[in-house]
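Subject: Structure for you to look at

Hello,

Please find the structure we spoke of below. My notes on what was found in it follow.

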Amino acid sequence: MNILVLHGPNLNMLGQREPGHYGVATLKSITARLEAMAAADDIRLQHFQSNHEGALIDRVQQAASEDVAGIIINPAAYTHTSIALRDALLAVAIPFVEVHLSNIHKREAFRHRSMLADQAMGVIAGFGEHSYYLAYQGLIANLRQDA
Ligand code: DQA
């Protein structure tokens, strides 16, 4: 099974970026742990981070021709603004889990709204780096159940 992990803008700065909100784990260490989990489950993980909306959309579209069974996505600030990213995910019709390190509902009002959440298989927020690992487990459990 093929899974794609997508990270939006500024997540390349994890570890040094606002640790009070996002913790101290780096994108590299989160990726390494996800890869170890996937290896144990015999799953192929692909990763992509971009600070550019169009690049994320291109990567979602590419997934349609790669037999990707599910997407884990932290759209970062595009969560709150990007109808285009929502449309791309709907266009490829690949199930996805929305992830946030911080609890977006505990923060500024503009972060409470997500353009993607109502289309997601599930949403996980507020567990720091563990949000990614929980999202991975939920996605795999659901996909295996459907297979
Ligand atoms: C975030 C929350 C967003 O509101 C913010 O713009 C981010 C990160 C999170 O992981 O908590 O960049 O998606």
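**Notes on the model**

Gly-128 counts as buried, because its relative accessibility is 19% and the cut-off for buried is under 20%. Please keep in mind that this is a predicted model. Gly-128 is found in the loop between strand E5 and helix H5, and that helix covers 130-146. Along the chain, 103 residues separate Gly-128 from Ala-25, yet their C-alpha atoms are 8.6 Å apart in space.

**The ligand and its surroundings**

Which pocket does the ligand take up? The space taken by the ligand is the largest pocket. The residues around the ligand are Arg-17, Tyr-22, Asn-74, Ala-76, Ala-77, His-80, His-100, Leu-101, Ser-102, Ile-104 and Arg-111. Sorted by class, this shell has 5 nonpolar, 4 polar and 2 charged residues.

- Ser-102: an N or O atom of its side chain is 2.6 Å from a ligand oxygen.
- Arg-17: an N or O atom of its side chain is 2.9 Å from a ligand oxygen.
- Ala-77: here a polar backbone atom is 3.2 Å from a ligand oxygen.

How much of the ligand does the protein bury? The ligand taken alone exposes 330 Å², and the protein buries 99% of that.

**Arg-107**

Ser-102 also has a contact within the protein: its side chain is joined to that of Arg-107 by a polar contact of 2.9 Å. A polar contact of 3.5 Å links the side chain of Arg-107 to the side chain of His-21. Arg-107 is placed in the loop between strand E4 (96-100) and strand E5 (122-125). Is Arg-107 buried or exposed? Its relative accessibility is 13%, so Arg-107 counts as buried.

**The end of that loop and strand E5**

Met-121 also lies in the loop between E4 and E5. Met-121 has a relative accessibility of 31% and therefore counts as partly exposed.

Gly-122 has its place in strand E5. Gly-122 counts as partly exposed because its relative accessibility is 22%, and the range for that class lies between the buried limit of 20% and the exposed limit of 50%. From C-alpha to C-alpha, Gly-122 and Ala-135 are 8.0 Å apart in space, with a separation of 13 residues in sequence.

**Asp-67**

Where is Asp-67 placed? Asp-67 is in the loop between helix H3 (53-63) and strand E3 (68-74). The relative accessible area of Asp-67 is 67%, so this residue is exposed. Asp-67 and Arg-107 are 40 residues apart along the chain, and their C-alpha atoms are separated by 36 Å.

**Two positive phi values**

Most residues other than glycine have a negative phi. Which values do Glu-18 and Ala-93 have? Phi of Glu-18 is near 35°, a positive value in a residue that is not glycine. Ala-93, also not a glycine, has a positive phi of about 55°.

Glu-18 is placed in the loop between strand E1 (2-7) and helix H1 (19-22). With a relative accessibility of 42%, Glu-18 counts as partly exposed. Ala-93 is found in the loop between helix H4 (83-92) and strand E4. Ala-93 is exposed, because its relative accessible area is 61%.

**Where to begin**

Regards

Methods:
Residues numbered from 1 in each chain as written. Predicted model: local features only at pLDDT ≥ 70, side-chain atom pairs only at ≥ 80, totals over all residues. Heavy atoms only, no water. Near = heavy atom within 4 Å. Polar contact = N/O pair within 3.5 Å; in protein donor to acceptor, adjacent residues only side chain to side chain. Areas by Shrake-Rupley, 256 points an atom, 1.4 Å probe, with all protein chains shown as cover. 1 Å grid on protein atoms, 1.4 Å probe; cavity = no way out; pocket = protein on both sides within 12 Å on 5 of 7 lines; lining within 4 Å. Sits in = over half its atoms within 2 Å of the grid points. Nonpolar A, V, L, I, M, F, W, Y, C, P; charged D, E, K, R; others polar. Helix = DSSP H or I, 4+ residues; strand = E, 2+ residues; numbered from the N terminus. Buried < 20%, exposed > 50% of the residue type's maximum accessible area, 1.4 Å probe, protein only.
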